[in-house]
Amino acid sequence: MELGIIGLGRMGSNMTVRLLKGGHRVVGNARTKESVDRIVEKGAEGAYTLDELVNKLDSPRVIWLMIPAGSPVDKTIQALIPEVDQGDIIIDGGNSYYKDTKRRANLLKEKKINFVDVGTSGGVWGLTEGYSMMVGGEKAVVNKLSPIFETLAPASDKGWGHVGPNGAGHFVKMVHNGIEYGLMQAYAEGFSLMKKKEEFKLDMHQIAEIWSYGSVVRSWLLDLTAQALSKGSDLNKIIPYVEDSGEGRWTVFEAIDLDVAAPVITLSLLKRLSSRDKESYADRLLALMRESFGGHAVKRNE
């Protein structure tokens with residue numbers, strides 16, 4: 001298949017490379033000429049304007065957005081509407097709020113433009129490991145896109161699926177990220193407790209490696225934590241300031257709206273907020289984990 005990708009940050013670029021390796025034709029567009037030039041060097045075709053991207057794709061077009069949630073998505077969709085044709089497909093693969101996704105889907109439906117939301121997980125490791133994709137939209141449209149999802153996923157029949165109508169993909173990804181908050185917090189608190197037990201002089205990296213095999217708490221997140229701790233477990237240069245992407249907040253809001261108790265996710269979000277006011281080993285480790293799995297920037301003392 002052929003498709004255009006708008007947004008060539010680290011994740012968008014890695015997805016482009018994986019698609020190219022899978023035999024797809026990809027036209028890339030980004031805000032800067034340098035980003036487009038880099039993806040052209042990797043084998044994609046470059047488009048330095050939205051108009052150029054649309055003109056380089058045959059109808060029915062598939063255009064995948066990998067851009068920040070919120071206003072950038074709305075602005076890009078508004079810019080694309082007069083350029084694309086009826087029957088074309090726009091995909092939002094970012095971390096958009098699912099209520100915004102439903103609104104955008106209704107807008108595009110009036111224009112007879114198809115819209116698909118893809119909650120995408122995999123971070124910087126997706127290029128080699130594949131991406132987990134939670135897809136929302138009309139089933140017939142999603143089926144047309146299956147060759148793309150099969151290429152991006154860990155396997156053609158694993159790691160992706162059509163989970164429901166428009167909004168469902170981003171809703172499931174929102175809850176996924178809320179769960180992620182809780183898992184990360186539990187690991188961080190456990191390692192912090194062991195670090196504090198100075199009497200035993202415990203080796204954090206060694207324990208993470210032990211738990212990675214056969215343990216009930218083993219996980220890919222723990223594997224990444226072990227890898228990060230292999231570089232040293234003091235973390236003195238890591239500033240314990242932990243960002244939140246917004247999806248944890250949306251998950252908590254949704255839990256309140258639906259009268260569903262979600263204390264672990266809620267407390268893990270509050271812990272991130274508290275990290276901005278004080279220092280702790282747990283928060284340093286949380287920041288390091290975010291860097292390991294998602295390539296998120298970490299504040300360091302030089």
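Is Trp64 buried or exposed? Trp64 is buried, at a relative accessible area of 0%; buried is under 20%, exposed over 50%, and partly exposed in between, with a 1.4 Å probe and protein chains only.

Some ground rules. This is a predicted model, where local features need pLDDT of at least 70 and side-chain atom pairs count only at pLDDT 80 or more, while totals for chains, interfaces and linings use all residues. Residues are numbered from 1 along each chain as its sequence is written, and side-chain values use heavy atoms, without hydrogens and water.

Now the rings. The whole structure holds six aromatic pairs (ring centres of Phe, Tyr or Trp, the last by its six-membered ring, within 6.5 Å; planes under 30 degrees apart are stacked, over 60 edge-to-face, the rest tilted). One of them joins Trp64 and Phe149, edge-to-face, at 6.1 Å centre to centre and 65° between the planes. Trp64 sits in strand E4 (residues 62–65) and Phe149 in helix H8 (residues 146–152), 85 residues apart; helices and strands are DSSP runs, H or I of at least four residues and E of at least two, numbered from the N terminus. Phe149 is also buried, at 0% relative accessibility.

Tyr97 and Trp250 make a tilted pair, with 4.8 Å between centres and 35° between planes. Tyr97 lies in the loop between strand E5 (89–92) and helix H5 (98–110), and Trp250 in helix H12 (residues 247–257), so this pair ties together parts 153 residues apart in sequence. Tyr97 counts as buried, at 17%. Ring pairs link Tyr97, Tyr98, Phe171 and Trp250 into a cluster.
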